[in-house]
Amino acid sequence: MDIKAPSPPGSFLQGFRSDAMWLIASLLVAGGLVLGFGLLAEEVIEGDTSGFDRAVLMAFRSADDPTNPIGPPWLEEMGRDVTSLGSFAFLGFVSVAAVGYLLIAGNRRYAVLVAAAVAGGEAISTLLKIAFDRQRPDLIHTTRVFTASFPSGHAMLSAVTFLTLGVLLAKANPDRRVKAYFVSLAVFLTVMVGLSRVYLGVHYPTDVLAGWCVGSAWAILCWSAVQWIEQRRGR
């Protein structure tokens, strides 16, 4: 019977240092995103972003009729389809399906991660909207809105949900190309949802940027917490 030799202490310490460095790097990125949100929020409150917001919004509007988005009618309809990918209903269905699958597969830890990330993201988005209470752009909206403008809930929740699920899918596959594909797809969907909000005239671009910052930071923090727990249990 072959007996495997135990791993030398040096390899264990090297792996521990590598995990610790990744965790520290993740926390630094999350901190940078939170700082970016704070600086952006300060500029929005002081009104320093009004020129930038207006210029970008008008770039997505028809020069002949500023009440309409640029492009043919089918492009506007596509914009509504894309923006629905960041809706509470769609992301809720996707999250429940993911949690259900993870529970059936016996991976309760990741099921809790998805549930906590999405539910926490929704709570943070609601609190921030109430705190800032920014009015929506004074344009004719091509889709109905019910909450304040800053930060964009669609941009924030799509970042939380898509990035969390993208990292989970990437972790489950050893092929680096597949990992890159899943993460890139998550980023692509997040960006497209945010752009659709500006295109439809329901959000200022700074609303979307703020949503991306907070959503990405929250997703990173949730994932870092799970990684930290796994490292402690592994030791």
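Leu189 has its place in helix H7, helices here being DSSP runs of H or I with at least four residues, and strands runs of E with at least two, numbered from the N terminus. The model is predicted, and local features are taken from residues with pLDDT of at least 70, side-chain atom pairs from pLDDT 80 or more, whereas totals for chains, interfaces and linings use all residues. Residues are numbered from 1 along each chain as its sequence is written, and side-chain values rest on heavy atoms, with hydrogens and water left out.

With a relative accessibility of 23%, Leu189 counts as partly exposed, a class that lies between buried (under 20% relative accessible area) and exposed (over 50%), computed with a 1.4 Å probe on protein chains only. Leaving aside residues up to four places away in sequence, Leu189 touches Leu85 and Phe162, where contact means heavy atoms within 4.5 Å. Leu189 and Val82 are separated by 107 residues in sequence, yet their C-alpha atoms are 8.7 Å apart in space.

The protein chain holds eight helices and zero strands. Of its 235 residues, 38% count as buried. Among contacts between residues at least 6 apart in sequence, 76% join residues at least 24 apart.

Helix H7 (residues 176-199) packs with H6 at an angle of about 170°, and the two axes are 8 Å apart; axes are lines fitted to C-alpha atoms, for helices over the stretch in contact, and angles run from 0 to 180 degrees between N-to-C directions. H6 and H7 are therefore roughly antiparallel to each other, the word applying to angles over 145 degrees, while those under 35 count as roughly parallel, 65 to 115 as roughly perpendicular and the rest as oblique. Among the residues making this contact are Ser158, Phe162 and Leu169 of H6, together with Phe182, Leu189 and Arg197 of H7. By class, the contact of H6 with H7 has twelve nonpolar, five polar and three charged residues; Ala, Val, Leu, Ile, Met, Phe, Trp, Tyr, Cys and Pro count as nonpolar, Asp, Glu, Lys and Arg as charged, and the others, Gly among them, as polar.

The largest nonpolar core has 15 residues, of which Leu102, Tyr110, Leu113, Val114, Leu165, Leu168 and Trp223 touch the most other members; such a core is a set of buried Ala, Val, Leu, Ile, Met, Phe, Trp, Tyr and Cys residues joined through side-chain atoms within 4.5 Å. At least two residues of this core come from each of H4 (88-104), H5 (108-132), H6 (153-171) and H8 (205-234), and H5 gives the most, with six residues. Leu165 touches Val94, Ala98 and Val114, again without residues up to four places away in sequence. Apart from this core lies another, of ten residues, among them Leu40, Phe150, Met156 and Cys213.

| Residue | Relative accessible area | Class |
|---|---|---|
| Cys213 | 17% | buried |
| Cys222 | 10% | buried |
| Asp133 | 51% | exposed |

The count of disulfides comes to zero, a disulfide being a pair of cysteine sulfur atoms within 2.5 Å.

Two backbone features deserve a separate mention. Most residues other than glycine have a negative phi, and most peptide bonds are trans. Asp133, although not a glycine, has a positive phi of about 50°, and Asp133 is found in the loop between H5 and H6. Pro151 also lies in the loop between H5 and H6, and a cis peptide bond, with omega about -10°, joins Phe150 and Pro151.
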